Amino acid sequence: MIEQRFKCPNCEEIATFYGNPGETKVVTCAACHMKGRLTISGEKQDDAVAIEVSHLKKVYGDLIAVNDISFAVKKGEIFAFLGPNGAGKTTTVEMIESIRTPTAGSIKLLGKDVKTQFNDVKEKIGILPQEFHSFERLTVRETLVYFLNLFKKKADVDEIITSLDLTSHKNMLYKNLSGGLKQRVGVAISLVNDPEIIFLDEPTTGLDPKARREVWGVIAELRKKGKTVFLTTHYMEEAEFLADHIAVIFKGKIIAEGTLEDLIRTYGQSSVMHIKKCVNAPEVIEMLKQEGYDEISSEGNGDIAIKIDYKERVLDILSHLRHDCIEYESLDIRRSNLEEVFLRLTGSKLTEDTA
Ligand SMILES: Nc1ncnc2c1ncn2[C@@H]1O[C@H](COP(=O)(O)OP(=O)(O)OP(=O)(O)O)[C@@H](O)[C@H]1O
Ligand SMILES: [Mg+2]
C-alpha cells in the first residue's frame, strides 16, 4: 500500500489516497465533492515533489497580490512561473522562501511545512532575488567565499567558478562586471550551499540577448546536475527554452499550467503555413478551398496563410503547389507559441504592462 497525492482538477484541493501501484480507484474530492478515477502510480510522491503550494494567498490592504493558488514542482525539473509585471511572481516565490508571510494557504518544501519546519530545509535551498546586487568592492571569489561562510553545508567555490565560466573574472571587483556576469555571480551565490532547490527570480531581466543566452546555459546545466529550479520570468522565450513545466500567473491567479506542449495544445491555435508573394494568389486560394482547406486568409498582396490541423496537410499542400507549378517567393510554417497562448487567455500581450 502506498500513498498517492492528488490535485482535484475542479477545485485544486490536494488530497491523499492510499492503494497499490496500478490500482484504479473511484475517489471523491473532500472539498468540492467531485468524483473521479485515480490510478495509483508506482512513484513515491514524497520523493518526487520538491515544492507543494496549496491555496496560497497574500493580501496587501485592498489588493489580493496572490489569490488562492495551488501547484506542485517535481524534483529535478525547471518550473517556470511566467507572468507580466505585478502578476504576483515575487510575492509567491518569497512566500515559498519564507521571506514573506502568507495571508492563507500552506507551502511544503521537500515535504517540510515552511511555516513550522523551515529550519529543516533552509540549508537545502538557494536564492537569487529579483534585482540582485552584491558587494561592490569584493572580487567574484571573495563574494562567493563570503556567502559560503553563512552556511553549514559548503560547496566547492572553485568548482562553482569553473562551472559558471567565471574563472577569468574571479579576481575582478563585482562593480566592474557586466550585467550578464553580475547575474552569473548571483546564480553562483545561490549555489554556495550546494542546494537541492534553486529559486531564480527574473534572472535575465535587463540583459542583452547574448548575456541572456549565457545565463540560460547555466540554468540548463543545473537541471543536468539534478537540481530543481523555480524560475520566475516574464520572457516567454525563456520559459519556452528552459522549462519542463510552466505555470502562467496573471493578476494573482494561475490561469494555465502544464508543459509547453500541453499549453499550446490546449490554448494555442494550430500551426499556420505562410506562402509569401504567391503568383496568381486568388486562383491558388480557390484551388486550395476546392481541395478542402477552408481556413485560408490572404492580405491581397500575394501572401497566403493556411491553417494546418495535422502534419500530413503540409505535404499535401506542397504537392498541390508543385503539381500546378505555382510560383512563390518563400514558404514557412509557424507554430503557436506562449505569447499567443497568453493573448488568448488574457486578451493582452505578455510583454505589455498588464498589471
Ligand atoms: N510589500 C508590498 N506592499 C504592498 N503591495 C505589494 C507589496 N509587494 C508587492 N505588492 C503588490 O503586489 C502585486 C504583485 O507584486 P509582485 O512583486 O509579486 O509581482 P511580480 O509578478 O513579481 O512583478 P515584476 O515582474 O514586476 O517583478 C503588485 O501589484 C505589487 O505592487
Ligand atoms: Mg517580481
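Helices (H or I, at least four residues) and strands (E, at least two) are taken as DSSP runs and numbered from the N terminus. The expected span of a helix is 1.5 Å times one less than its number of residues. This is a predicted model, in which local features need pLDDT of at least 70 and side-chain atom pairs count only at pLDDT 80 or more, while totals for chains, interfaces and linings use all residues. Residues are numbered from 1 along each chain as its sequence is written, and chains are lettered from A and ligands numbered from 1 in the order in which they are written.

**Helix α11.** Select residues 312-323, the twelve residues of α11. From first C-alpha to last, α11 reaches 17 Å, close to the 16 Å expected at 1.5 Å a residue. A residue is called buried if 20 or more other C-beta atoms, placed from the backbone, lie within 10 Å of its own C-beta, exposed if 12 or fewer do, and partly exposed in between. By this count α11 is hardly covered, with one buried residue among its twelve. Then select Cys 325, which follows α11 and has a positive phi, near 50 degrees.

**The domains.** Colour 2-43 as domain 1, 55-266 as domain 2 and 270-335 as domain 3; these bounds come from an automatic or database domain assignment. The C-alpha centres of domain 1 and domain 3 lie 47 Å apart.

Next, select β3 (residues 24-28) and β4 (residues 35-39). The two strands pair (at least two DSSP bridges between them), in the antiparallel sense and over five bridges. Thr 24 has Thr 39 in β4 as its bridge partner. Six residues separate β3 from β4 in this hairpin, and His 33 in the turn has a positive phi of about 65 degrees. None of the five residues of β4 is buried.

Is Val 26, with its 8 C-beta neighbours inside 10 Å, buried or exposed? Val 26 counts as exposed because it has 8 such neighbours. Beyond four places in sequence, Val 26 is in contact (C-beta atoms, placed from the backbone, within 7 Å) with Lys 35 and Arg 37. A C-alpha to C-alpha distance from Val 26 to Asp 303 gives 53 Å.

**Ligand 1.** Finally, select the 14 residues that surround ligand 1 (C-beta, placed from the backbone, within 6 Å of it). The closest are Tyr 60, Ala 65, Lys 89, Thr 90 and Thr 91. β6 (63-74) and α2 (89-96) each supply at least two residues of the shell, and the largest share, three residues, comes from α2.

Conventions: Contact = placed C-beta atoms within 7 Å.
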